[in-house]
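Have a look at the structure, then read on.

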Amino acid sequence: MLNNATHHLSRILLLLQLPKKKHQTITPTTRRRRRRRRRSLTSSSSSSSASPPMQMQTPSTGEQQDDDDNNIKKSIYHYHTVTKHSYPSSYAPGPHNLDWSNQPNPFLRFLSSPSISLPHPSSPSPSPHYPLLFSSSFPSPPLPFSILSLSYLLFHSLSLSAWKSTSFSTWSLRVNPSSGNLHPTESHLISPSLPPSHPPFIAHYSPKDHSLQLRSFLPSPLVPNSLLLAFSSVLWREAWKYGERAFRYCNHDVGHAIAAAAISAASLGWDSRLLDSLSHSDLDSLLAIKATYPPPPPQFPDRPVRGRFPWIEAQHPDCVLALFPFGSDVSIDYSALRDAISRLSDLEWLGKPAPLSKDHVCWDLIYKTAEAVKKPYTPSDGFSVNPFRPSGLISKALYKDFTVWDVVRKRRSAVDMDGVHVMERDTFYQILLHCLPSGELGPEEKQGKQFALPFRVLTWDAEVHAVLFVHSVAGLPRGLYFLVRNEDHFESLKRAMRQEFEWDRPTGCPAGLPLYRLAKGDCQELAKQLSCHQEIASDGCFSLGMVARFDPVLREKGAWMYPRLFWESGVLGQVLYLEAHAVGISATGIGCYFDDAVHQILGLDGLEFQSLYHFTIGSPVLDKRIMSLPAYPGPDIDA
Ligand SMILES: Cc1cc2nc3c(=O)[nH]c(=O)nc-3n(C[C@H](O)[C@H](O)[C@H](O)COP(=O)(O)O)c2cc1C
């Protein structure tokens, strides 16, 4: 007989079986707008469209600030709403067919820029055992900055990790994951002087051959005792396949890259922190975007347009991380740093980016949104480093005998889950303990501050929670569970979600893990339906949706937090990938899910909380038809 809780979940599940009209979550207006946008993919031979143009956003000043803020928020909400997928089969505007002849090259090359080759790390590796990295303190003394240690950093975060081949095609895979394996994220090192005689420099990282492409020498280091690592996105790479939803995926990928870098840095004894007071325009100058690419048009078209638009290949600067020896006394003076950055335009910048595609599609909404989320300088934030807290550990024995470097280079997305593996309950709790931002806390303390690895790289308190669909964990009833990653949000979450949810602590749950059971019941079919009908969401041990505090964050801080919520989701996703591999199974990020259907299941109305990313964890089924080849030396193709 069904008990009450199961009955509740069954009722909730029924919601998804209502006739289409009732649970279609897009409004007729949105649907009409989507149809119009799809129909209107027009051609253009120049960067300006024939149709009435829309104004680009300009920075706001003085009295107009509130109005401008409201407008910006509206544009973000517009983007976020239009790019929702809707159950059962309505997808955000994107291309109907893939234009293979214009697939963007996944490898950016700066032509005529001198190359700095990086030594390939050889075994035996000096990397710590995986669980040790998250334990009482950083496990190894910091390595000095050198060409070798930079090579270690990049090899274990952003390099190629394999080539795959079938009789039809061959493609590369990387240490960091990417939606559709399109890899919009580019990385740039800003290095201090290195022994024996390298002056400070800025270089672009080329994963294809694990080398640096020199962009400029610096007259002096930009910040003392630190290495900087900047990320930018080639939005077009992702938009080519996913259309308007691509801006979300690019930002997930940035989050994965941030976490990959923070973990790799930690394995070298380096701490990392976003330099997030800097403005978008500071980052633009840091990467010499204006000196490198043609400018965007003064006005964007008002609909998706096909044509040849070289400006579309420009990198969109995302963020810069400071990496420094763990525990060192780093102080960064933002105003001195901004002064130094503003003088970079006087330098000689080397290399011209090779084109990535012949023709393009301008998904105008992406570029308007990228404008609207540009961050201003926020001096009040200043630079600080959070105290380190270890992550909770039930037992080291729950992990396989892998080093950090083994795990990061083994990471692979599962394309299929076996549907039979049963996860031990302690393994499940252990994985979730490593997902907590504050690590291990005293009895009166609450989760929320970013103290633990790799979350401590982020400069804001945790905003992202997780709703879990538990399918196959020994000793744990199947059902919906909720991990509260910032306990200050607990009451608002409870108020915002279905009142019939139980909010019970599951059996055996460690005291420091804010995990709650919402409802018992089999939610395999539900998880699959919500994740665009993908079986990977139902055939793993559990899957999850990342639920972010949304509208309050944008109101409190500004539209520039929009991409950052996706970064935080990506950081959490990277941890899930690594944890899964460290316990001997696998995971997959899921960007395709039906946004409002997830909200409906949870009872969430409005924009206070939004689901931003899904994930699944389980035992992978390997496709034996795919051959695996070593990352280096790879075949001489760009794929
Ligand atoms: C943001 C993001 C969204 C993704 N969404 C999906 C998805 O919806 N379905 C899926 O099967 N894989 C998804 N993936 C997995 C990618 O396809 C995978 O990362 C890519 O093919 C590269 O493979 P690798 O992770 O093994 O390096 C996603 C990955 C990321 C980072």
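This is a predicted model: local features need pLDDT of at least 70, side-chain atom pairs count only at pLDDT 80 or more; totals for chains, interfaces and linings use all residues.

Residues are numbered from 1 along each chain as its sequence is written, and side-chain values use heavy atoms, with hydrogens and water left out.

**Ring pairs**
- There are 27 aromatic pairs in the structure; rings of Phe, Tyr and Trp (its six-membered ring) pair if their centres lie within 6.5 Å, with planes under 30 degrees apart counting as stacked, over 60 as edge-to-face and the rest as tilted.
- One of them is Y79 with F247, an edge-to-face pair at 5.9 Å centre to centre with 90 degrees between the planes.
- That pair links distant parts of the chain, 168 residues apart: Y79 sits in helix α4 (residues 65-82) and F247 in helix α8 (residues 246-267). Helices here are DSSP runs (H or I, at least four residues), numbered from the N terminus.
- Y79 and F247 are both buried, meaning under 20% relative accessible area with a 1.4 Å probe, protein chains only.
- Y152 and W405 make a tilted pair, 4.8 Å centre to centre and 45 degrees between the planes.
- This one also joins distant parts of the chain, with Y152 in helix α6 (residues 147-155) and W405 in helix α13 (residues 404-410), 253 residues apart.
- Y152 and W405 are buried too.

**A ring cluster**
- Ring pairs tie Y77, Y79, F247, F550, Y562 and F566 together into a cluster.

**Charges over rings**
- R215 lies over the face of F110, 4.1 Å from the ring centre; the cut-off is NZ of Lys or CZ of Arg within 6 Å of the ring centre and within 35 degrees of the ring normal.
- R409 puts its charged end over the ring of F155, 3.8 Å from the centre.

Notes. Helices (H or I, at least four residues) and strands (E, at least two) are DSSP runs, numbered from the N terminus. Buried means under 20% relative accessible area, exposed over 50%, partly exposed in between (1.4 Å probe, protein chains only).
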